[in-house]
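Notebook open, model loaded. I'm jotting down what I look up as I go, beginning at the ligand.

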Amino acid sequence: MQFRDLNRQYQALKEEIDEAVSRTLSSGCFIMGEEVERLETLLATYVGAKHCITCGNGTDALALALEVWGIGAGDAVFVPDFTFFATAEVVARSGATPIWVDVDATTYNLSPQSLERAIQICLAQGRAIPKAVIAVDLFGLPAPYGVVQRICSQYNLLLLEDGAQGFGGAIGKQRTLSFGDIATTSFFPAKPLGCYGDGGALFTNNDTWAAQLRSLRQHGKGDTKYHNRYLGVNSRLDALQAAVLQVKFKALVAYELQAINHIATIYRQLLSPAFSIPTVPEGYYSSWAQYTILLPEGVERGKWQDSLRQKGIPTMVYYPVPMHLQEALAPWNLSDSYSVATATSLCRRVLSLPMHPYLTEEEVHQIARELNSLL
Ligand SMILES: *Cc1c(COP(=O)(O)O)cnc(C)c1O
């Protein structure tokens with residue numbers, strides 16, 4: 001059994017993927033071009049954003065968004081303490097001050113109460129000026145955007161949606177990657193919409209930012225290739241990845257999202273109540289980048305992982321270290337006034353189980369049985 005079985009997906013889509021690859025190889029166009037433009041139109045329409053700008057990966061997408069907003073030294077950016085490192089890394093690299101925000105114990109997403117408290121503390125201390133909030137659609141579940149957007153407008157903050165894990169999710173009829181002033185995603189192979197290498201994208205309704213992003217991803221190019229308006233980066237999507245992504249997008253929408261939500265339902269039915277299972281609030285739809293449970297207090301997680309591995313069940317710990325304890329982020333360690341107790345405790349207790357649309361019901365039963373028997 002694999003944690004996320006990309007080979008099963010390839011076998012299911014082989015004919016179409018092989019066709020897309022050979023079509024691209026014959027076209028002679030390998031970076032950007034028609035395949036990339038087709039993908040951008042497809043994704044913008046699905047998400048419900050005016051612009052989709054693809055780029056080299058999800059980390060670059062976040063960094064480009066901060067750059068377009070001119071965020072740097074002297075600015076404060078609010079970041080959930082429980083996320084993948086890249087969310088925080090881009091803020092620190094921009095020169096801005098990342099400020100850690102605690103998360104909700106049941107959704108693992110940014111806690112609006114904690115966000116508002118962090119903004120007020122930051123304003124009172126006056127060392128950095130609050131500029132933006134990064135909300136993460138962690139494990140595929142949309143962040144609580146209604147409340148977060150209200151807080152952002154109250155304090156005049158830009159909202160960056162880190163939807164690297166969130167493609168395919170929704171709140172009511174509104175899809176993820178349409179909630180932030182700019183939203184970003186990643187096409188890293190294991191994400192809900194993954195390619196066969198690195199890839200990423202930004203989404204926005206703002207024409208000015210979109211034009212600037214299109215320029216920045218290609219060395220800040222102006223009207224012609226050798227006239228450069230900005231100091232940009234080289235962060236473009238391959239035509240091969242764009243061609244593969246069109247096939248994978250079709251499968252995601254046609255049946256993968258439904259299949260993975262079915263798996264989540266079975267997990268919920270079978271796992272013992274001794275485990276705290278992921279909560280999906282009313283009206284929210286998750287694309288289940290991960291299925292992450294909380295083990296009971298006091299369990300030796302490493303030993304459990306070993307026992308499960310011996311039964312052929314791979315598990316992962318997403319994530320073992322909160323941002324405020326990351327070595328590279330030590331200069332932005334907390335003053336006592338910010339509390340991130342929930343994030344810290346989640347890092348000790350989380351365990352992510354095999355999760356992908358091609359998992360069989362028998363496999364889910366086996367995983368649940370072995371886990372329950374460890375109690
Ligand atoms: C994967 C991920 C990223 C980075 O995406 P890459 O394409 O790997 O650069 C950023 N934020 C979150 C929450 C992620 O899970």
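**Ligand site.** I started with N57: an N or O atom in its side chain is 3.5 Å from an oxygen atom of the ligand. For Q165 the corresponding distance to a ligand oxygen is 2.7 Å, and a polar side-chain atom of S186 lies 2.6 Å from an oxygen atom of the ligand. I'm counting polar contacts as pairs of N or O atoms within 3.5 Å; within protein, one must be able to donate a hydrogen and the other to accept it, and residues adjacent in sequence count only if both atoms are side-chain atoms. The protein buries 93% of the 380 Å² that the ligand exposes when taken alone (Shrake-Rupley areas, 1.4 Å probe; for residues, only the protein chains shown count as cover). I find 15 residues surrounding the ligand, the closest being G58, T59, Q165, S186 and K191 (near: a heavy atom within 4 Å).

**Ground rules.** This is a predicted model, so local features need pLDDT of at least 70 and side-chain atom pairs 80 or more, while totals for chains, interfaces and linings use all residues. Numbering runs from 1 along each chain as its sequence is written, and side-chain values use heavy atoms, with hydrogens and water left out.

**D75.** I looked up D75 in strand β2 (strands are DSSP E runs of at least two residues, helices H or I runs of at least four, numbered from the N terminus). D75 is buried, at 7% relative accessible area (buried is under 20%, exposed over 50%, partly exposed in between; 1.4 Å probe, protein chains only). A polar atom of its side chain lies 3.0 Å from the backbone nitrogen of G72. Beyond four places in sequence, D75 is in contact with G70, A96, T97, A128, I129 and K131 (contact: heavy atoms within 4.5 Å).

**Helix α4.** In α4 (residues 85–94) I noted A86, T87, A88, V90, V91 and A92 as buried. Their cover includes α3, β2, β3, β4 and β5. Just after α4, G95 takes a positive phi of about 100°.

**Cores.** Which residues have the most contacts inside the largest nonpolar core? I get F82, Y267, L271, Y291, I293, L353 and L371, in a core of 37 residues (buried Ala, Val, Leu, Ile, Met, Phe, Trp, Tyr and Cys joined through side-chain atoms within 4.5 Å). Helix α8 gives the largest share of this core, five residues. Another core, of 30 residues, lies apart from it and includes C55, L66, W69 and I182.
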